[in-house]
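Could you take me through how parts of this model are arranged, one question at a time?

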Amino acid sequence: MPRNHFRQIASTTTLAALALTATSCNQASNDEIPSLHEAFEGLFLIGGTLSNSMLQDPSDPGYAIVEKHFNSLSPENCMKWGNMNPSPEVSNYDLIDSFTEYGASNNQALVGHTLFWHSQTPEWVYQDEAGKDLTRDALLARMRERATLMAEKWGDHILYWDVVNESIMSDGSWRQSKYQQIIGDDFTEQAFRIASEVLPHHAKLLYNDYNMTDAGRRDAIVAMVKDFKSKGLRIDGIGMQGHWLMDYPDTEDIAASIRAFGSTGAKVHITELDLDLLGRSSFFGADVDIKRLTANSENNPFPDGVLPSSEEHRFALRYEEIFQMLVAEAEHIERVTFWGISDKTSWLNNFPVRGRTNFALLFDRQFQPKPAFYRVLNAASKTDN
Ligand code: GLA
């Protein structure tokens, strides 16, 4: 029996007709198009994100997309340590309350992003009152305090936790972060130990990173997950961020990493999917610490937000190719989350070049589905699920 509802409601012919409508003047509205998460039912969850500005503005038009297309939700920033507690005396919890209340009322599988990351973490976290580095034990205690607070306040609502973000380098070595300097090589293990002990039993614990096709990082993560499991630690998922380019990585290499991660018994989550149409020339991956350039006519070729149809087509085909591969590897995949809602607010408008007009997601700046949207739906409809 087909598990995929979408197959019962829309044939490829219908899709082609919708796509045609969408490229003409009268674009198909959000009400008229099929739901993405329904299309992928039985394969994997489809997620999106809520930015701080959306959480502050319930009238944001992006909510119509969130409610129709996503059955999982991640917060872009509000749960990061620096947002929550920019200083020890300040506690910004309102946006997290809004995020969890909203997601729970929509029955969306919520992601706690992220417990421990070297970036967007204020200096005070690593210091005592005199401004001196904490001892290993004191930093571990502070991490436990944060995880305990998360569990007590929002643990009931959150299904997936990104426990550690980006602690492994592309050659497989540990990142020399402040956490690492103070705690040592077992920072990531200690973080999972704390999360295993403190977070509720229903929660699934993930390690999350970028450039997951790099062989050194991939192999180190596989070894790490096996090691943690052999020590009785909970580690249920591996998050591949998926900030990908038009020509990199090769889908075959992504598939190879998905299979390698799947072989550990952990589920793969594509946690932050977007495609950088404009590219990064010499920049690779999504290292948020790299120096940003400023937009100019060379690196910002479509400032009015309209793509030539050949570029739109190229973008749509790349999304289709990626989703065809994800569908083929679906047995290993639990969730695919887009990092953002529409091109209007994608972080790629400011990374790695500030202030350019980039193209990254399935919905355009007017919140209309792009040709890539239909290509992605098409990938879902071509399965035997
Ligand atoms: C990393 C983080 C995300 C986000 C992106 C950039 O991938 O995991 O939270 O900050 O960078 O938007």
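**Helix pairs and ligand**

Colleague: Is the crossing of α13 and α14 left-handed or right-handed?
Modeller: This is a predicted model, in which local features need pLDDT of at least 70, side-chain atom pairs count only at pLDDT 80 or more, and totals for chains, interfaces and linings use all residues. Residues are numbered from 1 along each chain as its sequence is written, and side-chain values use heavy atoms, leaving out hydrogens and water. Helices are DSSP runs (H or I, at least four residues) numbered from the N terminus, and a crossing is right-handed if the near helix is turned clockwise from the far one by less than a right angle. For α13 and α14, the crossing is right-handed.

Colleague: At what angle do α13 and α14 pack?
Modeller: Axes are lines fitted to C-alpha atoms over the stretch in contact, and angles between N-to-C directions run from 0 to 180 degrees. Helix α13 (residues 309-328) and helix α14 (residues 371-381) have axes 8 Å apart and pack at an angle of about 25°. Since angles under 35 degrees count as roughly parallel, that makes α13 to α14 roughly parallel. The angle asked for is about 25°.

Colleague: How far does a polar side-chain atom of H113 lie from an oxygen atom of the ligand?
Modeller: A polar contact is a pair of N or O atoms within 3.5 Å. An N or O atom in the side chain of N165 is 2.9 Å from a ligand oxygen atom, and for a polar side-chain atom of H243 the distance to a ligand oxygen is 3.2 Å. For H113, the distance is 2.5 Å.

Conventions
Helices (H or I, at least four residues) and strands (E, at least two) are DSSP runs, numbered from the N terminus. Angles under 35 degrees count as roughly parallel, over 145 as roughly antiparallel, 65 to 115 as roughly perpendicular and the rest as oblique. A polar contact is a pair of N or O atoms within 3.5 Å; within protein, one must be able to donate a hydrogen and the other to accept it, and residues adjacent in sequence count only if both atoms are side-chain atoms.
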